[in-house]
Amino acid sequence: MSDYRVVPVVDTAQGRRSAPTQPGSRMARRAAAAAAPPPPPDDRPPRGHRGGGGGGQKKMRALAWVSIGLTTVMVAGSLTAYTMLRDAVGNITQKSVKEDIINPRPPDTGALNVLLVGSDTRAGAGNAKYGQQLARQADAGGKRTDTIILMHISPNRDKARLISFPRDSMVQIPKCKNEATKQEMAPRRDMINSAYNTGGVACTISTIETLTGIRVNHFVEVDFSGFKNIVDALGGIEICLRTAVNDRASKLVLPAGRSLLNGEKALGYVRLRHYGDGSDIQRIRRQQIFLSKVVAKATSSELLTDVGKLKDFISAAAGSVTMDPELANDPEQLIEIAMSAKQLTAGGVQFTTIPWAPDPQDKNRVVWKEPDATKLFTSIKTDTEVATPAPSASAGTTAKPKVTIKPEQVKVQVLNGTKTVGKAREVADQLAEQGFTVVGVGNYEAPGGAGLARSEVHYAKTAATAPDHAATLAGAVLPKPVTEAGRVKATNPTAYTATTTTTVTAGAAAAPKGTPVIQLVVGEDFDSVKVTKLPDSVKNSTITAADQKNVCT
């Protein structure tokens, strides 16, 4: 085996290409340092909540959820195994859906957003035995999805968040094409997973984009038989049970203690409900532990140094998924994004479920909690930082050290340069929520009386540190405002006090006395303030890799 290390593929960066890695190259060094990919997100259904559908569908939910997690380890790439990976790409089922997306699409921010769908299709010999054929389904084989996850990787490829959308979320489904007939379907209020049932991946993408304002760059589908194949290709996964299992619903019989599960038994294990305290929380924890073990084994030296086993694993993984052609046809991009795993697995991955509440119209369904859900989506849309090379000092000179100013150190006066009444207070509330010390609001009259086309940041010419404070403020506003020395005249200036919807009280982390006041003049182009501080409901529904606990220990 060469000195290349196999790394798991998370996904591909939009438009990024790289040549095959050579020994000793930067790519090879990054590959050697890459760590295992993260365990899957917590996609638990609401506590005390029962979704609709038949019993067979409920039993399949865990499996659909688990199959999604396997997309994070679906292909291993090393330069000894590079040819294997390139050849395996031909086994990935490809499906282009761009032409079926008929709604306006959000802009691409440079981040990588991949829709992960767990399909419980009954089509095919490998899947049909896991449920009855459902004639009422519009597509052959009763295709449904109980798992919808958006994988978000930051533009810098150093942070990741996986957002789980509860299948019973009642949302507004936009107009879509029927996947089978290609006829346009009218908008409707329905469960979010119904978008996939009738409109397939294209309608699901449109629904997510319409509801969140986030551009979906790629998609990956995984089915039940694919899950089995991957587990079998790894030689099985060892688990540990505190008590024995004899569960008729999942057809699983296991003794207490350690057991090595093949693909078939693994299906039963991840579907297991009537065990322990029977709670969904405990079931999800078992799934997380299981997939953590899958990830560990897929990146172990035992697999990486056995070319035969490695080839079987790559083939099984590649043959178990469906992707868009742009994602499936470029192994160089797959390898390149895989080498970002070092950053993604260093405690930087978060797993979040959309904040929810019971649907007032049907207690067996949920609706997204607002404004918390929107703030979560805004945090993803505004994650636009792109790495830039540090300036190099000229010969004989010393580069000026970069000064980092935190939001709470910045005093801000927000002025409304638009014709929208109340815009200054709206933006001031957003800034205060993100920790800025907002001291005042007011208006600004642009020359000629027209609304200001583009937002601006102004600072006093005499304050030595003002440019650094202004840069922090400008970096928090989208689109980024023009920054200019020299303050502007405010009309009707008043002191700012936090509203009841502001989660961070203005001035809570007051800037030191003498800190310059920076002016933000809001223009017609203003979109949003970047969200880095999320509501408690989002924090409480978020877990990290460090939260995963193994029952065997």
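Student: Are C176 and C203 buried or exposed in this predicted model?
Tutor: Both C176 and C203 are buried. That label requires under 20% relative accessible area.

Student: What makes C176 and C203 a disulfide?
Tutor: Their sulfur atoms are 2.2 Å apart. The cut-off is within 2.5 Å. The pair therefore qualifies as a disulfide. A search of the whole structure finds one disulfide.

Student: Why is the disulfide of C176 and C203 called right-handed?
Tutor: The torsion about its S-S bond is about 80 degrees, so the disulfide is right-handed.

Student: Which parts does the pair C176 and C203 tie together?
Tutor: C176 lies in strand β8 (residues 176-177), and C203 in helix α5 (residues 194-212). The pair therefore ties together parts that are 27 residues apart in sequence.

Student: Why does C240 count as buried?
Tutor: C240 has 16% relative accessibility. Buried means under 20%. So C240 counts as buried.

Student: How many aromatic pairs are there?
Tutor: The count comes to two aromatic pairs. One of them is F165 with W368.

Student: Why is the pair of F165 and W368 called tilted?
Tutor: Take the distance, then the angle. The ring centres are 5.7 Å apart, and pairing needs centres within 6.5 Å. The planes stand at 50 degrees. Under 30 degrees would be stacked, and over 60 edge-to-face.

Student: Where do F165 and W368 lie?
Tutor: F165 lies in strand β6 (residues 160-165) and W368 in strand β19 (residues 362-368). The pair therefore ties together parts that are 203 residues apart in sequence. Both F165 and W368 are buried.

Student: What makes the pair of W368 and F377 edge-to-face?
Tutor: The ring centres of W368 and F377 are 5.6 Å apart, with the planes at 65 degrees. Edge-to-face needs over 60 degrees, so the pair is edge-to-face. F377 is buried, as is W368. F165, W368 and F377 form one aromatic cluster.

Student: Which residues of α6 and α10 meet?
Tutor: N229, I230 and A233 in α6 meet D312, F313, A316 and A317 in α10. The residues of this contact divide into five nonpolar, one polar and one charged.

Student: How do you know that α6 is largely enclosed by the rest of the structure?
Tutor: Eight of the 10 residues of α6 are buried, so the helix is largely enclosed. Among the buried residues are F224, F227, K228 and V231. G235 follows α6 and has a positive phi, near 80 degrees.

Student: What makes helix α15 mostly covered?
Tutor: Eight of the 11 residues of α15 (residues 423-433) are buried. They include K423, V427, D429 and L431. The cover over the buried residues of α15 includes α14 (372-381), β20 (411-416) and α16 (466-474). Just after α15, G435 takes a positive phi of about 100 degrees.

Student: How many of the 553 residues count as buried?
Tutor: The share is 55%. The protein has 17 helices and 28 strands.

Key: Residues numbered from 1 in each chain as written. Predicted model: local features only at pLDDT ≥ 70, side-chain atom pairs only at ≥ 80, totals over all residues. Heavy atoms only, no water. Helix = DSSP H or I, 4+ residues; strand = E, 2+ residues; numbered from the N terminus. Buried < 20%, exposed > 50% of the residue type's maximum accessible area, 1.4 Å probe, protein only. Phe/Tyr/Trp six-rings, centres within 6.5 Å; stacked < 30°, edge-to-face > 60°. Contact = heavy atoms within 4.5 Å. Nonpolar A, V, L, I, M, F, W, Y, C, P; charged D, E, K, R; others polar.
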